[in-house]
Amino acid sequence: MKFIRITFIIALMGCQNPQSQTESPAAHPLTGEWRNLSLKVEIDKKNGESTSIFEVNANTWEEQLKIRPIRTYFRDDSTFNSEHFNLQDSLVLNPSGSWTASEREITMITTKPFSDTTSCTYTIKDNVVTFGCWVDWDEDGEKDDWYLGTQEKY
């Protein structure tokens, strides 16, 4: 009887799909290169009505910000970086660090060239992700400015 049980267990283990034993888990949907399409920041929104709104779309990005659309790379090893190129295609800023994400929220911990932690909600539709998070856009020391940005996957 013991022999039959062991044989049955071995037979069941042999029936598993061999690919499932060697396949790596699917990459997170945020993994890859993303480029900014638009952003909207509502200044001082956390305590009620915003004092002002700053908005940029794909057509006005370079004119208003004087940089190319930012290229952000989320990697499988939980690292990221965001390349900022000026209009002469020189790299002027490249913050980097680590990221973790659940189904609806991402946390980015920037370690170079400055330290910051930002948590955003996100949704992905087709090849476009929309991030929403509290940031310190006006540099007043408080993350009370609401950022809403879209990026396209490349």
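Reply: Happy to! Keep in mind that this is a predicted model. Let us begin with Glu105, which is found in strand β7.

Me: Is Glu105 buried, partly exposed or exposed?

Reply: The relative accessible area of Glu105 is 38%. Buried means under 20% and exposed means over 50%, with partly exposed in between. Glu105 therefore counts as partly exposed.

Me: How far apart are the C-alpha atoms of Glu105 and Ser119?

Reply: Leaving out residues up to four places away in sequence, Glu105 touches Thr100, Ser119, Cys120, Thr121 and Tyr122. Ser119 is 14 residues from Glu105 along the chain. The C-alpha atoms of the two are separated by 6.9 Å.

Me: Cys120 is on that contact list. Which residue does a disulfide join to Cys120?

Reply: A disulfide is a covalent bond between the sulfur atoms of two cysteines. This structure holds one disulfide, and its S to S distance is 2.5 Å. The partner of Cys120 is Cys133.

Me: Which strands hold Cys120 and Cys133?

Reply: The pair ties together parts that are 13 residues apart in sequence, because its two cysteines sit in two strands, β8 and β9. Both Cys120 and Cys133 are buried. Cys120 lies in β8, and Cys133 lies in β9.

Me: In which sense do β9 and β10 pair?

Reply: β9 and β10 are joined over eight bridges. One of the residue pairs is Gly132 with Leu148, the latter in β10. The sense of the β9 and β10 pairing is antiparallel.

Me: Which residue in β10 is the bridge partner of Val41?

Reply: β10 also pairs with β1. Eight bridges join these two strands, which run antiparallel. For Val41, the bridge partner in β10 is Tyr147.

Me: How many residues line the largest pocket, and what is its volume?

Reply: The lining of the largest pocket has 29 residues. The closest to its centre are Ile70, His84, Val135, Trp137 and Tyr147. The volume of the largest pocket is about 950 Å³.

Me: Which element gives the largest share of the lining of the largest pocket?

Reply: Elements that give two or more residues to this lining include α3, β1, β8 and β10. By class, the lining has 18 nonpolar, seven polar and four charged residues. The largest share is four residues, and the element that gives them is β9.

Me: How far is the C-alpha atom of Glu152 from that of Arg71?

Reply: Glu152 lies in strand β10 and is partly exposed, with a relative accessible area of 28%. Not counting residues up to four places away in sequence, Glu152 touches Glu33, Trp34, Arg35, Leu37, Asn127 and Val128. Arg71 is 81 residues from Glu152 along the chain. Their C-alpha atoms are separated by 9.7 Å.

Me: What is the phi of Lys66?

Reply: Most residues other than glycine have a negative phi, and most peptide bonds are trans. Lys66 is found in the loop between α3 and β3, and at 52% relative accessibility it counts as exposed. Lys66 is not a glycine, yet its phi is positive, at about 60 degrees.

Me: Which two residues does a cis peptide bond join?

Reply: One of the two residues is in the loop between β7 and β8, namely Pro113. The omega of the cis bond is about -5 degrees. The residues that this cis peptide bond joins are Lys112 and Pro113.

Note on methods
Residues are numbered from 1 along each chain as its sequence is written. This is a predicted model: local features need pLDDT of at least 70, side-chain atom pairs count only at pLDDT 80 or more; totals for chains, interfaces and linings use all residues. Side-chain values use heavy atoms; hydrogens and water are left out. On a 1 Å grid over the protein atoms alone, a cavity is a set of points where a 1.4 Å probe fits but cannot get out, and a pocket is an open set with protein on both sides within 12 Å along at least five of seven lines; lining residues have an atom within 4 Å of a point. Grid points are joined across faces, edges and corners, and a volume is the space filled by probe spheres set on the points. Ala, Val, Leu, Ile, Met, Phe, Trp, Tyr, Cys and Pro count as nonpolar, Asp, Glu, Lys and Arg as charged, and the others, Gly among them, as polar. Buried means under 20% relative accessible area, exposed over 50%, partly exposed in between (1.4 Å probe, protein chains only). Contact means heavy atoms within 4.5 Å. A disulfide is a pair of cysteine sulfur atoms within 2.5 Å. Two strands pair if DSSP finds at least two bridges between them.
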